Amino acid sequence: MGTELEQRIRDKTARVGIIGLGYVGLPLISAFVEAGFRCLGFDVDQVKIDALLAGRSYIKHISGTEVQQWIEGQQLEPTLDMSRLHEADVLLICVPTPLSDSRDPDLRYVESTARSIAAVLRPGQLIVLESTTYPTTTRDVLVPILEQSGLTVEQDIYVAYSPEREDPGNPDYSAAGIPKVVGGMGAASTRLAQALYEQAIVQVIPVSSPEVAEACKILENTYRAVNIALVNELKTLFDRMDIDVWEVVDAAKTKPFGFQPFYPGPGLGGHCIPIDPFYLTWLARKQGLATRFIELAGEVNSQMPDYVVTRLGEFLNDLGKPIRGSRICLLGVAYKKDVDDPRESPSFELMERLLARGADLTYNDPHIPALPSMRHHNLPDMKSQELTPEFLSAQDCVLIATDHSDYDFAFIVEHAPLVIDTRNATQHVTAGRDKIRKA
Ligand SMILES: NC(=O)c1ccc[n+]([C@@H]2O[C@H](COP(=O)([O-])OP(=O)(O)OC[C@H]3O[C@@H](n4cnc5c(N)ncnc54)[C@H](O)[C@@H]3O)[C@@H](O)[C@H]2O)c1
């Protein structure tokens with residue numbers, strides 16, 4: 001049976017079903033459609049399905065024209081109907097894996113997807129979990145639900161884990177260009193998952209188990225969280241000594257081996273780096289171990305918005321102004337440059353703190369025209385303000401939280417009376433440097 005599926009994968013007649021059409025699922029569709037597969041796209045969000053059916057994209061780096069071509073060419077069929085999961089030969093799960101309020105893994109989306117699949121599962125299907133999660137999720141959470149169907153993994157169905165490494169906003173790497181690690185529940189599952197991704201992805205790296213693939217993803221994200229915490233901590237020390245941390249990192253990165261640059265910022269954001277390491281912390285607690293590096297990194301990174309607001313208060317104070325009543329415009333609410341994704345953005349932490357201190361606060365983000373409603377933040381309705389010379393000069397201070405490429409930083413510095421830069425975005429601005437403060 002596995003041989004038949006392998007043949008269908010190799011001649012590209014296998015139907016690829018992608019479950020969860022968000023920041024990960026949609027680029028993955030692009031990779032498989034480009035490779036010549038017909039895809040079924042599943043989501044529970046009617047708004048997303050309607051958008052796709054109308055040929056519209058809701059993700060900045062996937063164009064509407066591309067979506068239109070998929071729909072018109074019948075390369076993508078988006079649907080809310082989970083009973084159609086049996087139509088796909090291969091199912092790739094890309095649903096969210098957030099943290100609960102007590103910062104424990106919240107696998108309810110993975111579990112409900114697994115139940116939907118189990119309800120219609122048929123022999124010969126390959127199921128791959130792509131959502132980021134802790135090691136053992138595939139074996140201990142996904143497989144038991146799938147096997148409630150009466151079908152057995154490696155005999156009737158095939159199951160693997162392959163972490164998504166999407167880097168939104170990075171024009172150098174699309175889903176198809178990022179090597180993919182694959183760990184199956186057994187030799188047949190690994191072989192099939194490898195065969196599948198090899199059709200669409202530049203390089204596939206098979207590993208010995210789903211646990212290795214799961215741990216690999218968590219290692220990658222924890223590595224970033226810890227190294228970002230290190231430069232954030234160094235920033236607070238070097239600031240006090242009047243040493244520019246960005247200049248230090250740029251000098252250090254000239255070492256041709258043994259050093260990779262990480263840059264400080266106003267805190268951590270996005271759906272991955274602030275969240276995934278806590279999956280590991282939770283797992284370690286279950287094993288009776290502590291993950292002190294991760295906890296410490298979380299502590300340092302989560303203090304950064306406080307640090308930035310304290311510095312901002314000092315810079316305004318130098319000009320004889322309190323935060324209360326000062327007109328402050330925050331630039332960039334997306335969690336990183338050139339994306340339209342505000343999830344877990346430290347900008348919201350900055351905004352909450354500035355509002356609590358009485359600032360007359362506005363924001364601008366070319367990719368986020370209005371603030372979305374958020375479960376964990378209590379912010380008023382706000383709309384992105386246009387950055388005209390009049391608007392900028394009427395501010396007491398402009399706070400750069402995200403360094404979008406669309407910003408003309410020379411123009412911003414020219415017109416704003418004080419610019420607080422948390423990203424070294426103004427490094428190439430030559431005029432008006434006396435108005436710039438790094439924080
Ligand atoms: N965004 C990234 O850059 C990135 C990178 C690597 C890994 N990941 C991981 O990939 C996973 C997905 O992240 P994302 O950023 O694409 O999330 P997302 O919120 O953008 O998309 C997830 C989609 O899944 C849908 N969904 C939820 N429950 C569903 C269900 N039961 N059935 C069908 N669809 C369902 C949601 O409606 C949503 O459209 C997460 O585990 C994340 O950690 C994300």
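**Surroundings of Glu130 and Lys180, and the state of the cysteines**

Apart from residues up to four places away in sequence, Glu130 touches Leu28, Leu92, Ile93, Cys94, Tyr161, Ser162, Pro163, Glu164, Lys180 and Tyr197. These contacts, like every value reported here, were computed from a predicted model. Glu130 lies in the loop that runs between strand 5 (126-129) and helix 6 (137-147). The residue is buried, its relative accessible area being 1%.

One of the residues in contact with Glu130 is Lys180, which belongs to strand 7 (residues 180-184). Lys180 also counts as buried, with a relative accessibility of 4%. Its side chain forms a polar contact with the side chain of Glu130 at 3.1 Å, and another with the side chain of Ser162 at 3.0 Å. When residues up to four places away in sequence are left aside, the residues touched by Lys180 include Pro163, Glu164, Arg165, Tyr197 and Ile201. Pro163, Glu164 and Tyr197 are likewise among the residues that Glu130 touches.

Cys94, also in contact with Glu130, is buried at a relative accessible area of 10%. The closest cysteine sulfur to that of Cys94 is in Cys39, at 11 Å, and is therefore too far away for a bond. Cys397 is likewise in no disulfide, the nearest cysteine sulfur being that of Cys329 at 9.2 Å. A disulfide requires two cysteine sulfur atoms within 2.5 Å, and by this rule the count of disulfides is zero. Cys397 is buried, at 0% relative accessibility.

Conventions:
Residues are numbered from 1 along each chain as its sequence is written. This is a predicted model: local features need pLDDT of at least 70, side-chain atom pairs count only at pLDDT 80 or more; totals for chains, interfaces and linings use all residues. Side-chain values use heavy atoms; hydrogens and water are left out. Helices (H or I, at least four residues) and strands (E, at least two) are DSSP runs, numbered from the N terminus. Buried means under 20% relative accessible area, exposed over 50%, partly exposed in between (1.4 Å probe, protein chains only). Contact means heavy atoms within 4.5 Å. A polar contact is a pair of N or O atoms within 3.5 Å; within protein, one must be able to donate a hydrogen and the other to accept it, and residues adjacent in sequence count only if both atoms are side-chain atoms.
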